[in-house]
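Colleague: I would like to go through this model and ask, for each label, what it rests on. Please set the value against the cut-off each time.

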Amino acid sequence: KHQIIIDNDTAQDDCVTILLGLTDPTANVRAITTVAGNVPFDRQVANAQITLSVAGKLGEVPLHLGCRQPMLRPWVSAEDVHGDGSGGLQIDLDPGAISEEHAVDALIRLTAEQPGEISIVAIGPLTNIATAVVKDRAFVKNVKSLFIMGGSNNGRGNTTPAAEFNFYVDPHAAQIVMDAGFEDLHIVTWDPITIRDATYSRAQYDRLTSIDTPIAKLFKKVCDATLDFNESVGIDGSTHPDSITLAALLHPELILEEGRYRVDVETQSELTMGYSAMAWEKFGLQANAHVAERLDGAAFYALLEQMLHTPSVP
Ligand code: BDR
Ligand code: CA
C-alpha cells in the first residue's frame, strides 16, 4: 500500500481527496495536515473533521493543524469559488479528534520514522511543506514522493490571469519547495490537466451525485458550489484538481503523458505573482519536477464513480 500524508486546505475537492485516500484499497492515509488556503482556517478544520467523520475515521486518522497564514503575503480566500467548502454542513467540533502536534512537526516526524516510505500529496498552498524543508533539511530526503497540485503549464491561471490559486496564495513557499531538491516531485496543474482533461458536464456530475451512499451525499454537498461557480465563469462542469493529484500517485497509468521540467514560481511581480514558469530541459536548465501533461479523464471519472459507490470505509 502507498503510505501517504494529505496536506490540504480542506474544502470541496480537498474533501474528495481525503475520501478517495480513505476508500482506495491501494492507499494507507497516515495523517491529514491542514494549511491556510481556500476558506478560513477553522472552517477548514471543521471540513476536515466532517469528511473524516462521514468516512468513520474521525479520531482514527490523525488530523494535524498547520500554518495559519502564508509566509510573506496576506492570506487570500477562495470562498467565492467554494462557499464554506462543505455546503453549509455543521458539526460539533470534537477537540479530542485533533492532534496536539503541529502539522509541520508531524510531516517531519512521520517521514523520519520511515525514511523513503511515505509520500506526501500537497493540495493546498505549500506553506507547511516549505516550513518543514526549512526546519529540517533531512525532511527532503526522507519523503518518498511529493505530489503537488499547483500552477499551470500553459500560462493560464484561475485566481489571476497568470496564477493558479495554490501557487498564488504562497508563492514564496512554492519556490522554496521547487528549490529544495525533492528526488521525486510531481505536479498536477490547473491547466491543462484539470480543466482540459477532466471537466465533467452537469449531466456527468448528476450521474455521480445520484449514487446513494453517505460518501456520494457528502461529495454532492461539497462540490455543488464549485460547479455553480465554474459555470458562472465559463467552465462547463465540475473540476477535481486535488483528487487527480492523489490519483496520479495511486494510479500512475491515469497520466498518459508527462514531461520533465524546471519549474519556478514568480515571487516578485504583482502582475504575475504565483505564475509557474515550466521550462523544458532543452533550455539547459536542470529539471526539478515531473509535470503531468495529459490525463485519462474517462478513467479518472470511473475512479470517482467507484469511490462514490463505496458503501462505507473499511
Ligand atoms: C486549487 O485551489 C483550490 O481551490 C483547490 O482545492 C485546488 O487545490 C486549484 O487551483
Ligand atoms: Ca486544495
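Colleague: Is Ile123 buried or exposed, and how do you know?

Modeller: This is a predicted model, and the label comes from a count on its coordinates. Ile123 has 28 other C-beta atoms within 10 Å. The cut-off for buried is 20 or more, so Ile123 is buried.

Colleague: Where does Ile123 lie, and what does it touch?

Modeller: Ile123 is in the loop between strand 4 and helix 5 (127-135). Leaving aside neighbours within four places in sequence, Ile123 is in contact with Ile6, Asn8, Asp14, Thr17, Met149, Asp242 and Thr245. A contact here requires C-beta atoms within 7 Å. Ala48 is 75 residues from Ile123 in sequence, and their C-alpha atoms are 13 Å apart.

Colleague: Why is Gly297 called partly exposed?

Modeller: Gly297 has 19 C-beta neighbours inside 10 Å. Buried needs 20 or more and exposed needs 12 or fewer, so with 19 Gly297 counts as partly exposed.

Colleague: Which element holds Gly297, and which residues does it touch?

Modeller: Gly297 belongs to helix 13 (residues 297-309). With residues up to four places away in sequence not counted, Gly297 touches Asp197 and Ala198. The C-alpha atom of Thr199, 98 residues apart from Gly297 along the chain, is separated from that of Gly297 by 8.2 Å.

Colleague: What makes strand 4 largely enclosed by the rest of the structure?

Modeller: Five of the five residues of strand 4 are buried, so the strand is largely enclosed. Both faces are covered: one side has Ile118, Ile120 and Ala122, the other Ser119 and Val121, and all are buried.

Colleague: How do you know that strand 4 pairs with strand 1, and in which sense?

Modeller: Pairing needs at least two bridges. Strand 1 and strand 4 have five, so by that cut-off they pair, and the sense is parallel. In this pairing Gln3 stands opposite Ile118.

Colleague: How many bridges connect strand 4 with strand 5?

Modeller: Four, again in the parallel sense. Ile120 stands opposite Leu146, and Ala122 opposite Ile148. Strand 5 (residues 143-149) also has four bridges to strand 6 (residues 185-188), and these two run parallel. There Ile148 stands opposite Ile187.

Colleague: Which residues touch the most other members of the largest nonpolar core?

Modeller: Leu19, Leu107, Val121, Ala122, Val177, Ala247 and Ala248, in a core of 100 residues. Helix 11 (residues 214-232) gives the largest share, seven residues. As for Ala247, its contacts are Leu20, Leu254, Phe300 and Leu303, not counting residues up to four places away in sequence. In soluble globular proteins, nonpolar side chains tend to be buried together.

Colleague: What surrounds ligand 1, and which residues are closest?

Modeller: The shell has 16 residues, and the closest are Met149, Glu164, Phe165, Pro241 and Asp242. Helix 1 (13-23), helix 7 (165-169) and helix 12 (241-250) are the elements that give two or more residues to this shell. By class, the shell divides into seven nonpolar, five polar and four charged residues.

Colleague: What confidence does the predictor assign?

Modeller: The mean pLDDT of the protein chain is 95, and 100% of its residues reach 70 or more. For the complex, the predictor gives an ipTM of 0.98 and a pTM of 0.97.

Methods: Residues are numbered from 1 along each chain as its sequence is written. Chains are lettered from A and ligands numbered from 1 in the order in which they are written. This is a predicted model: local features need pLDDT of at least 70, side-chain atom pairs count only at pLDDT 80 or more; totals for chains, interfaces and linings use all residues. pLDDT is the predictor's confidence in each residue, from 0 to 100. A nonpolar core is a set of buried Ala, Val, Leu, Ile, Met, Phe, Trp, Tyr and Cys residues joined through C-beta atoms within 7 Å. Two residues are in contact if their C-beta atoms, placed from the backbone, lie within 7 Å. A residue is near a molecule or strand if its C-beta atom, placed from the backbone, lies within 6 Å of it. Ala, Val, Leu, Ile, Met, Phe, Trp, Tyr, Cys and Pro count as nonpolar, Asp, Glu, Lys and Arg as charged, and the others, Gly among them, as polar.
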